[in-house]
Amino acid sequence: MISIVGHGYSMVKALALVLATVGPAGRSAQQTDIILATTTSTRDAGLLDSLLPVFERKTGYHVKVIAVGSGQALEMGRRGDADLVLSHAHEAERALTDSGYFVRRQLVMHNQFLIVGPSQDPAGVHSLSDAVTALKRIAGHEAPFVSRGDKSGTHERELSLWNSAHITLPPPGGWYVESGQGMGATLQLASEKNAYTLTDDATYLTWRDKIALVPMVGGDSLLYNVYHVLELNSKNAPRINVQGGRALADFLVARETQRLIGRFGKARFGRSLFVPDAGKPDRW
């Protein structure tokens with residue numbers, strides 16, 4: 001059974017280390033459990049609920065998912081509080097890998113970011129293909145905008161776009177609001193406030209029937225959203241389940257799993273929510 005946690009994960013690793021009961025194939029609970037720290041978008045879109053039961057049936061491992069922003073997920077990996085990280089914050093990933101905290105970083109998949117907003121479109125950004133121009137209009141109109149504000153990969157990309165637009169953001173609380181939450185909750189808050197927000201398209205499609213927001217801006221190369229899986233360096237994190245983390249990383253980039261990723265969402269939405277990328281050239 002998969003355990004998925006959004007908050008309050010500080011004791012999870014400690015509890016996993018204390019447990020000593022015997023699990024499948026004679027492994028201890030510590031060896032059997034794998035803690036995956038990952039972005040909320042993989043949870044909120046339902047991808048992990050589709051993939052991880054397949055992995056667990058094949059291997060006997062039990063995956064505990066800690067779904068937080070990519071910044072927090074990477075920090076968990078840096079501290080050794082997770083066994084594997086699945087993230088979409090490529091600049092932070094590269095910095096930590098170059099510093100020796102991760103020993104292998106592999107391309108898994110991608111999708112797109114979207115700027116979504118209320119159908120009334122007070123800033124007049126609908127159908128623009130330039131995300132920077134859209135943010136300039138939103139700021140110029142002081143139209144409500146909800147940010148993740150949580151150091152996630154989505155938040156990192158949003159701040160990069162504001163920087164490219166040469167916009168100095170006001171303190172949160174006026175037209176610019178920070179949710180401090182995951183993507184699903186941020187979409188709900190933006191919907192309640194008739195506000196714009198930046199989201200990955202997989203989470204938006206999964207939540208669109210529950211919110212009153214429509215796609216405004218997409219297709220810009222600056223909205224390309226890439227996911228990597230990162231294996232921890234056991235020299236920096238001696239407590240981790242190295243074997244389990246490597247097994248799950250190998251599973252995510254395996255050919256059959258990549259096919260599952262490519263099919264995910266087609267039955268419900270008529271299109272894939274994520275594009276499989278394992279084995280392709282990685283410029284990220």
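Mentor: Contact here means heavy atoms within 4.5 Å. Keep in mind that this is a predicted model.

Trainee: Which elements do the buried residues of H7 pack against?
Mentor: Start with the buried residues of H7, which spans residues 131-141: Ala131, Val132, Ala134, Leu135, Ile138 and Ala139. Viewed down the axis of H7, they fall within an arc of 160 degrees, so they line one face of the helix. Their packing partners are strand S5 (102-117), strand S6 (145-147), helix H8 (153-164), strand S8 (196-200) and strand S9 (214-217).

Trainee: Why can residues three or four places apart point the same way?
Mentor: It follows from the geometry of an α-helix. They do so because the helix has 3.6 residues a turn.

Trainee: Which exposed residues does the face of H7 turned away from its buried side carry?
Mentor: The buried side includes Leu135 and Ile138. The face turned away from that side carries Gly140 and His141.

Trainee: Which residue caps the N-terminal end of H7?
Mentor: Look for a side-chain oxygen 3.0 Å from the backbone nitrogen of Val132. The residue that supplies this oxygen is Asp130.

Trainee: Which residues touch the most other members of the largest nonpolar core?
Mentor: That core has 44 residues, and helix H4 (residues 47-59) gives the most to it, with 6 residues. In the largest core, the residues that touch the most other members are Leu36, Val229, Leu248 and Phe274.

Note on methods. Residues are numbered from 1 along each chain as its sequence is written. This is a predicted model: local features need pLDDT of at least 70, side-chain atom pairs count only at pLDDT 80 or more; totals for chains, interfaces and linings use all residues. Side-chain values use heavy atoms; hydrogens and water are left out. Buried means under 20% relative accessible area, exposed over 50%, partly exposed in between (1.4 Å probe, protein chains only). Helices (H or I, at least four residues) and strands (E, at least two) are DSSP runs, numbered from the N terminus. The arc is that of the directions from the helix axis to the C-beta atoms. A polar contact is a pair of N or O atoms within 3.5 Å; within protein, one must be able to donate a hydrogen and the other to accept it, and residues adjacent in sequence count only if both atoms are side-chain atoms. A nonpolar core is a set of buried Ala, Val, Leu, Ile, Met, Phe, Trp, Tyr and Cys residues joined through side-chain atoms within 4.5 Å.
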